[in-house]
Amino acid sequence: MKPQIQAFFDDATWTVSYVVFDQPGGHCALVDSVLDYDPKSGRTKTNSAERLIEFVQSRNLTVQWILETHAHADHLSAAHYLRKKLGGKIAIGAAITKVQDVFKGVFHLEPEFRPDGSQFDQLLHDEEVFRIGQLTAKALAVPGHTPACMAYQVDDAVFVGDTLFMPDVGTARCDFPGGNAHTLYQSMRKLLSLPAQTRLFMCHDYPPSGREATWQTTVADQRAHNIHVHDGVTEEAFVELRTRRDATLEMPVLILPSVQVNIRAGEMPPAEANGVTYLKIPVNAL
């Protein structure tokens with residue numbers, strides 16, 4: 001059975017979320033959801049998540065999985081909110097523990113925070129197979145952007161997270177803690193070794209001027225046209241290009257609030273004695 005896929009593009013963070021389902025009235029997975037966050041006021045909204053909820057309910061779908069491709073640095077995850085509203089298990093790659101361990105130190109998190117992945121319902125390993133109703137899905141470890149990046153393959157469709165962008169945009173940065181351009185190159189070649197017509201679904205699009213946002217391509221198109229990693233680009237050449245480019249990039253606007261929430265599976269830190277939840281801003285730490 002081929003997966004049915006509905007994409008939702010968030011203009012504020014350039015993020016694409018997906019509902020992947022077997023059939024109307026069947027089962028689905030939600031991939032890379034967004035919790036709206038205003039960094040100026042510290043307020044959250046659930047408008048983006050409600051779009052997914054409306055679609056799921058309109059198709060009478062049962063949510064089995066809420067999948068994260070990694071602990072995002074550019075948007076907050078709505079996984080915790082969606083699980084409360086729709087059910088399902090929140091899952092991420094098992095290497096999330098490496099990311100949690102690093103950022104527990106960066107943010108000096110409360111002693112009760114355990115960097116063991118227990119905040120998620122399930123930790124997935126490379127090549128692990130799971131079901132979405134009548135669909136067979138497989139987790140594919142693709143580290144490099146972060147140590148915990150995981151792609152999800154459902155028949156001929158692969159949700160690649162931040163491993164690849166559209167061919168005219170290129171590839172993800174590797175300068176976050178635990179990132180590695182050599183590792184990313186190997187992960188991308190792993191994806192690009194899949195059959196040529198395999199559909200690749202991006203987590204983000206940052207379209208060049210004059211092009212509307214889009215998020216679906218193929219292995220063949222990436223191998224022919226990706227500006228950073230088309231066929232013929234060696235690992236050494238990619239690492240040099242990626243390292244030089246990363247040195248020019250600013251931190252994402254939402255990296256500090258995002259990571260604190262996303263390593264908790266989309267849940268906010270515990271409220272303090274006054275009943276208010278706080279996100280930390282480490283000064284001169286990154």
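Biologist: Where is Asn284 found?
Modeller: In this predicted model, Asn284 is found in the segment after α7. Its phi is positive, about 60°, although Asn284 is not a glycine.

Biologist: Why is Asn284 called exposed?
Modeller: Its relative accessible area is 78%. Exposed means over 50%, so Asn284 is exposed.

Biologist: What makes Glu127 partly exposed?
Modeller: The relative accessibility of Glu127 is 41%. Buried requires under 20% and exposed over 50%, with partly exposed in between, so Glu127 counts as partly exposed. Glu127 lies in the loop between β8 (122-124) and β9 (129-132). Its phi is positive as well, about 75°, and Glu127 is not a glycine.

Biologist: Why is Ala78 called buried?
Modeller: Ala78 has a relative accessible area of 1%. The cut-off for buried is under 20%, so Ala78 is buried. Ala78 sits in the loop between β6 and α2.

Biologist: Which residues is Ala78 in contact with, leaving aside its neighbours within four places in sequence?
Modeller: They are Ser33, Val34, Leu35 and Ala49. Ser33 is 45 residues from Ala78 in sequence, but the C-alpha to C-alpha distance is 5.4 Å.

Biologist: Why are α1 and α2 called roughly parallel?
Modeller: Helix α1 (residues 47-58) packs against helix α2 (residues 79-86) at about 30°, and their axes are 10 Å apart. Angles under 35 degrees count as roughly parallel, and α1 and α2 are therefore roughly parallel to each other. Their crossing is right-handed.

Biologist: Which residues in α1 and α2 meet?
Modeller: From α1 there are Ala49, Glu50, Leu52, Ile53, Val56 and Gln57, and from α2 there are Tyr81, Leu82, Lys85 and Leu86. By class, the contact has 7 nonpolar, 1 polar and 2 charged residues.

Biologist: What are the buried residues of α2, and what do they pack against?
Modeller: Ala79, His80, Tyr81, Leu82 and Leu86 are the buried residues of α2. They pack against β3, α1, β6 and β7. After α2 comes Gly87, with a positive phi near 80°.

Biologist: Which residues have the most contacts inside the largest nonpolar core?
Modeller: Val19, Cys28, Leu30, Val56, Leu82 and Ile263 do, in a core of 41 residues. At least two residues of this core come from each of β2 (15-21), β3 (27-31), α1, β6 (62-67), α2, β7 (89-93), α3 (96-106) and α7 (255-262). The largest share, 5 residues, is supplied by α1. As for Leu82, leaving aside its neighbours within four places in sequence, it is in contact with Leu30, Ser33, Ala49, Leu52, Ile53, Ile66 and Gly87. There is a second, separate core of 23 residues, with Tyr185, Met202, Val229 and Val233 among them.

Biologist: Which residues in α4 and α6 meet?
Modeller: Ala181, His182, Leu184, Tyr185, Gln186 and Met188 in α4 meet Glu235, Phe238, Val239 and Arg242 in α6. Of the residues of this contact, 6 are nonpolar, 2 polar and 2 charged.

Notes. Residues are numbered from 1 along each chain as its sequence is written. This is a predicted model: local features need pLDDT of at least 70, side-chain atom pairs count only at pLDDT 80 or more; totals for chains, interfaces and linings use all residues. Side-chain values use heavy atoms; hydrogens and water are left out. Axes are lines fitted to C-alpha atoms, for helices over the stretch in contact, and angles run from 0 to 180 degrees between N-to-C directions. Helices (H or I, at least four residues) and strands (E, at least two) are DSSP runs, numbered from the N terminus. Angles under 35 degrees count as roughly parallel, over 145 as roughly antiparallel, 65 to 115 as roughly perpendicular and the rest as oblique. A crossing is left-handed if the near helix is turned anticlockwise from the far one by less than a right angle, and right-handed if clockwise. Contact means heavy atoms within 4.5 Å. Ala, Val, Leu, Ile, Met, Phe, Trp, Tyr, Cys and Pro count as nonpolar, Asp, Glu, Lys and Arg as charged, and the others, Gly among them, as polar. A nonpolar core is a set of buried Ala, Val, Leu, Ile, Met, Phe, Trp, Tyr and Cys residues joined through side-chain atoms within 4.5 Å. Buried means under 20% relative accessible area, exposed over 50%, partly exposed in between (1.4 Å probe, protein chains only).
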